[in-house]
Amino acid sequence: MEKQSSVPLTVEDLWVEYQIERGVVKAVRGVSLSLVKGESLALIGESGCGKTTLGVALIRLLVQAARITRGEITYWRDNKGIDVLSLKERELRRFRWRECAMVFQSALNAFNPVLRIWDQILDTSKAHGGMSTSQVRERAMQLLEYVQLDPKRVIDAYPHELSGGMRQRVLLAMSLLLDPQVLILDEPTTALDILTQRTIIDLLRRLKEEIGFAMLFISHDLATAAELADRVATMYAGSIVELGPVDDIFYRPAHPYTLGLIRAVPTVTGEFEALVSIPGAPPDLVDPPPGCKFHPRCPYVTEQCRVEEPQLKTHYSETHSVACFNVQRVQQDTLDLQERYAKYAGGKAS
Amino acid sequence: MNAGSGEYLIEARNLVRMFGARRERVTAVDDVSFGIRQGEVVCLVGESGCGKTTTGKMITGLLKPTSGQVFYAGKSVWTPRGDKGEDFKTYRLGVQIIHQDPYASLNPSHTIYKILSTPLLHHKFVANTYEALDRVIELLNIVGLSPVEDFLYKYPHQLSGGQRQRVSVARALTVNPRVIVADEAVSMVDVSIRVGLLNMMADLKRNLGVTYLFITHDLAVAKFFAWEGRIAVMYVGSIVEFASTPQLINDPLHPYSKALLAAVPEADPELTRSKKRVELRSQDIPSLLALPSGCRFHPRCPYFEPGLCDVKRPELLPVGENRYVACHIAAREAGAPT
């Protein structure tokens with residue numbers, strides 16, 4: 001197995017199911033993607049679309065009731081592929097955090113409330129890495145400083161003594177402790193105030209540019225994706241329905257669901273714009289509709305959509321793919337967005 | 001003393017609310033005044049802990065102000081001694097609140113019918129259960145939960161977050177309120193559903209003449225919902241700027257409003273990445289237990305003038321028509337009388 005070293009993680013046709021009383025929840029259905037070094041991929045979608053499950057599955061931290069039923073996750077280091085799904089518990093522990101770190105959604109719940117920050121950092125490094133205590137201390141101080149915290153004040157503090165933004169920064173510093181190649185962030189800025197959110201976004205951008213790892217961030221917030229993503233994947237009912245460069249996704253979306261999301265989110269700057277909501281609600285993943293999972297809510301629906309599920313196919317360019325039978329019609333409705341983009345591009349040229 | 005301005009349906013005048021005792025005593029809301037005209041939307045925006053929810057609760061009568069007054073339809077809600085005023089019941093029915101969390105604010109063991117019919121029967125808006133059913137059906141249609149037979153006998157857990165929030169709105173409407181205080185009413189609802197909910201709430205304003213105090217931390221939602229209304233920006237317990245929505249969004253005067261608008265990410269990559277930032281001098285939000293002297297924003301403010309801003313607390317002063325700002329520098333530049 002050989003692959004360019006710039007792609008540290010690839011996922012092939014991944015399926016994840018949960019067993020619940022009512023039946024089987026198909027939370028992730030046939031997802032394929034690859035993470036590229038120095039690039040951030042945003043996974044956007046609404047609650048219950050499977051985005052967090054997918055993120056957690058990548059480091060095999062799924063709850064007991066969940067099962068990976070099909071697919072491959074390959075982690076690449078020094079041109080050698082490691083099959084993540086066949087890792088034993090000990091190797092897995094090394095893989096998590098040292099190779100692939102995850103920052104969870106709620107920055108308060110991610111800490112043990114009765115341990116000082118330093119003890120949590122030390123625990124993390126003991127569990128996953130092989131540094132001496134003094135090395136860990138030194139590295140931790142550097143990293144806390146790097147995330148713009150006062151290391152002396154923070155390192156001996158308890159989690160409750162820190163604000164939400166500070167805790168989020170401590171978590172980021174901790175995730176960098178063992179120098180992973182891949183960083184997975186679950187809703188990194190949700191529940192933070194605007195000004196705090198801004199400092200975290202700027203910090204994440206700096207991390208990506210200066211350290212150059214592959215970043216996967218999971219978000220329901222289109223604005224965060226617009227800020228931070230190089231590529232965007234839209235997820236609906238467990239599948240990726242559109243994947244492409246950030247400008248393609250925002251200015252010429254080809255999937256009706258992506259377009260629907262964009263039309264439903266107001267921007268702050270500028271004049272008033274009317275917004276359109278997507279009718280209906282996301283499907284029940286125990287008993288999803290036949291055909292395209294979005295068809296009951298889709299304004300472009302045809303007979304074909306009701307019986308056949310469209311597969312992700314490239315569109316426009318090699319890098320933009322979409323799972324929809326009616327791409328042409330969707331695109332006709334994005335002319336205003338394309339115009340807006342042309343204006344920006346024009347502004348840049350002059 | 002006991003008469004409000006005739007201009008407003010609901011008015012806050014010099015509202016102060018403290019919490020805790022002795023050394024732990026904090027002033028969560030500090031001298032907040034504003035009024036909302038019949039049929040108008042006023043948005044309170046600000047970061048967590050700025051006192052916007054406390055203000056909303058005082059407007060609704062769920063919290064008694066430590067000092068200051070709330071006027072409803074021109075009458076003071078609380079007597080000078082702090083008792084409930086003579087028209088307290090009319091006021092409490094006339095001002096309803098919608099809470100943030102649709103999962104916590106509906107009784108899980110009651111059906112939707114029961115949730116909606118209870119206040120109708122209790123407050124005698126209907127004479128009997130037959131009339132109650134008719135009115136419940138009507139309300140469900142108003143909030144867009146149709147066909148109604150799909151919802152009447154369901155329990156809250158069988159509904160999605162967006163549907164539950166519609167039930168909360170319907171419940172607020174049972175008592176024919178004139179004012180609805182919506183406290184982060186759409187923040188827990190998914191993006192694709194949110195606009196539908198906002199549009200439905202805007203229809204209530206158009207069709208039933210409902211007046212809104214809309215509390216949110218989300219500037220984009222504030223702009224969308226209150227475009228024809230006004231926005232008040234709160235910082236550490238006080239209003240720092242109050243202006244019509246288009247003015248505030250496109251031409252903010254207070255440095256804090258400017259910083260917020262510059263910092264907010266936009267769902268438009270080119271726009272959001274080309275935004276000019278406002279550099280603050282500090283990232284720390286002051287603790288309510290140790291408030292800065294003078295202007296509360298001065299330790300972070302890029303306009304800071306030593307000897308002025310750290311000494312004298314700016315008042316919310318009129319600058320131009322229907323526009324107020326609490327900043328020495330911004331007021332001076334706008335030519336306000338000092």
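How many residues of chain A are in contact with chain B? In this predicted model, 34 residues of chain A are in contact with 35 residues of chain B. On the side of chain A that touches chain B, two or more residues each come from helix H7 (194-211), helix H8 (222-228), helix H9 (246-251), helix H10 (256-264) and helix H13 (335-349) of chain A. By residue class, this side of chain A comprises 21 nonpolar, eight polar and five charged residues.

Chain A itself contains 13 helices and 12 strands. Its radius of gyration is 21 Å, close to the 20 Å given by the globule rule for 350 residues, so chain A is as compact as a globular protein of that length. Along the principal axes, the C-alpha atoms of chain A fill a box of roughly 65 × 50 × 40 Å. Among the 350 residues of chain A, 47% count as buried. Of the contacts in chain A with a separation of 6 or more, 66% are accounted for by residues 24 or more positions apart.

Eight strands of chain A form an open sheet with mixed pairing, in the order E6-E7-E8-E3-E9-E10-E12-E11. A:Ala233 has A:Leu243 as its bridge partner in E10(A).

Definitions and conventions. Residues numbered from 1 in each chain as written. Chains lettered and ligands numbered in written order. Predicted model: local features only at pLDDT ≥ 70, side-chain atom pairs only at ≥ 80, totals over all residues. Contact = placed C-beta atoms within 7 Å. Helix = DSSP H or I, 4+ residues; strand = E, 2+ residues; numbered from the N terminus. Nonpolar A, V, L, I, M, F, W, Y, C, P; charged D, E, K, R; others polar. Rg over C-alpha atoms; globule rule 2.2 N^0.38 Å. Buried ≥ 20, exposed ≤ 12 C-beta atoms within 10 Å, placed from the backbone. Pairing = 2+ DSSP bridges.
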